[in-house]
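Open the structure in your viewer and keep the sequence at hand. The stops below say what to select and what is found there.

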Amino acid sequence: MNTPRIAFIGGGNMAASLIGGLRAQGVPAEAIRASDPGAQKRQALTAEYGIATFSDNAEAVAEADMVVLAVKPQVMQDVCRDLATSLRPGQLIVSIAAGITCASLQAWLGEQPPRAIVRCMPNTPSLLRQGVSGLFANAQVSDTQRQQAEQLLSAVGLALWLEEERLIDAVTAVSGSGPAYYFLLMEAMTAAGERLGLPRDTAAQLTMHTALGAARMACESDVNAAELRRRVTSPNGTTEAAIKAFQAGGFESLVDQALNAAARRSAELAEQLGDRGC
């Protein structure tokens, strides 16, 4: 597969992370360009990654095979409408903005021609190239374009395809918002450790590195999380005592309620932004 020419609209943190990941994979600087209204952002992207940058979105997309929309959802409609006359038929549109469906993007980019659109939901660990993203492609996306979009998101972590666009709300609930759930647990464990008599810094280090180690074990193991939990839970031991306390407090039910609340809110926000589905 030939290296696609990629234009980023927006030069914020997620765009910079994707650009950095692509460059680390060996994608040449000449194949990447970006536009942003901020002169400092443009200068920083050029200095760090050697790419061409522009203040004019139309100039950035002129020769691109793939256009990555990396702007805030609140300004996406205006950005798309301004871009509509500058896009060529056959260009792949990749959106990493939360809550903006393919149908809205198509409408804002002009009803004709039908656009090849991939909608993505990355999460914040992507900034460290340790992220995970859910991807949905509309019917106009070719097999080659799917590979190109997957390469793009794989530059910052794991990329997983979805068969239905509505599942983006579930991805948002599980992985998009997910880092905050772990941070909350880490906060609580650190505070509990401190109340047990540990210095706060020691409790925090124990918590963070335990989380890191457990995640690596889960990712690298050939068994699921339930089996890993059973293997470290000795009968009548300390771990079992803690697990029983979690479960007595309705831990699993609470997690289910929390993720459902996040998914519902994702759908509500999409509706507020004028989305009606693909």
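Predicted model: local features only at pLDDT ≥ 70, side-chain atom pairs only at ≥ 80, totals over all residues.

**A tour by selection**

Start in the loop that runs between strand E6 (116-121) and strand E7 (131-137), and select Arg129 there. Arg129 has a phi near 60 degrees, a positive value in a residue that is not glycine. Most residues other than glycine have a negative phi. Arg129 counts as partly exposed because its relative accessibility is 39%, between the limits of 20% and 50%.

Next, select Asn236, in the loop between helix H10 (225-231) and helix H11 (238-248). Here too phi is positive in a residue other than glycine: for Asn236 the value is near 60 degrees. Is Asn236 buried or exposed? With a relative accessibility of 73%, Asn236 counts as exposed.

Now go to the aromatic rings. How many aromatic pairs does a search of the whole structure find? The search finds one. Select Phe246 and Phe251: these two form the pair, which is tilted, with 5.1 Å from centre to centre and 55 degrees between the planes. Phe246 is partly exposed, at 41% relative accessibility. Phe251 also counts as partly exposed, at 38%.

For another ring, select Trp161 together with Arg146. The charged end of Arg146 sits over the ring of Trp161, at 4.1 Å from the ring centre.

Move on to helix H2 (residues 39-49) and select Glu48 within it. Glu48 counts as exposed because its relative accessible area, 59%, is over 50%. Its side chain makes a polar contact with the side chain of Tyr49, at 3.5 Å.

The last stop is the second largest pocket, which holds about 720 Å³ of space. To find it, select Met14, Ala70, Val71, Lys72 and Pro73, which lie nearest its centre among the 29 residues of the lining. Then colour helix H1 (13-24) and helix H4 (73-83), each of which supplies at least two residues of that lining. Which helix gives the most to the lining? H4 does, with four residues. By residue type, the lining of this pocket divides into 15 nonpolar, 11 polar and three charged residues.

Terms used:
Residues numbered from 1 in each chain as written. Heavy atoms only, no water. Phe/Tyr/Trp six-rings, centres within 6.5 Å; stacked < 30°, edge-to-face > 60°. Buried < 20%, exposed > 50% of the residue type's maximum accessible area, 1.4 Å probe, protein only. Lys NZ or Arg CZ within 6 Å of the ring centre and 35° of its normal. 1 Å grid on protein atoms, 1.4 Å probe; cavity = no way out; pocket = protein on both sides within 12 Å on 5 of 7 lines; lining within 4 Å. Points joined across faces, edges and corners; volume = space filled by probe spheres on them. Nonpolar A, V, L, I, M, F, W, Y, C, P; charged D, E, K, R; others polar. Polar contact = N/O pair within 3.5 Å; in protein donor to acceptor, adjacent residues only side chain to side chain.
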